[in-house]
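Please keep the sequence and the model side by side while reading.

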Amino acid sequence: MNALVLTEEKSLPHYKEVATPVPKAGEALVQIKVAALNHRDVWITKGLYPGIQLGTILGSDGAGYVGDRKVLINPNINWGTDECVQSAYYQI
């Protein structure tokens, strides 16, 4: 598959061919039809997002298909019950 990959710190990503991931239990492989970069991706390219490793594929937002089902990617996990603040378990 093709992807935007961060290969150097504080640099623009490179468009390149990478291996198609194999989904684990509880995961799905989305056939992406549209994708977008957001502020998270910009911060990553500037070295302002903690814990990012080189080789990371950028593109937090997207939509496509899982089989014949249309899906929208929401990268937020475990926000919590308070709409105003994320929980300690929140992840992207």
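Threonine 45 is placed in helix 1, which covers residues 39-45; helices (H or I, at least four residues) and strands (E, at least two) are taken as DSSP runs and numbered from the N terminus. The model is a predicted one, in which local features need pLDDT of at least 70 and side-chain atom pairs count only at pLDDT 80 or more, whereas totals for chains, interfaces and linings use all residues. Residues are numbered from 1 along each chain as its sequence is written, and side-chain values use heavy atoms, with hydrogens and water left out.

Threonine 45 counts as buried because its relative accessibility is 14%, the term buried meaning under 20% relative accessible area, exposed over 50%, and partly exposed in between, with a 1.4 Å probe and protein chains only. When neighbours within four places in sequence are left aside, threonine 45 is in contact (heavy atoms within 4.5 Å) with Leu6, Lys10, Ser11, Pro13 and Leu58.

Turning to the whole, the protein chain holds 1 helix and 5 strands, and from the N terminus on these elements follow the order β-β-β-α-β-β. Its C-alpha trace spans about 40 × 35 × 25 Å along the principal axes, and 17% of the 92 residues of the protein chain count as buried. Where contacts in the protein chain link residues at least 6 apart in sequence, 42% of them join residues at least 24 apart.
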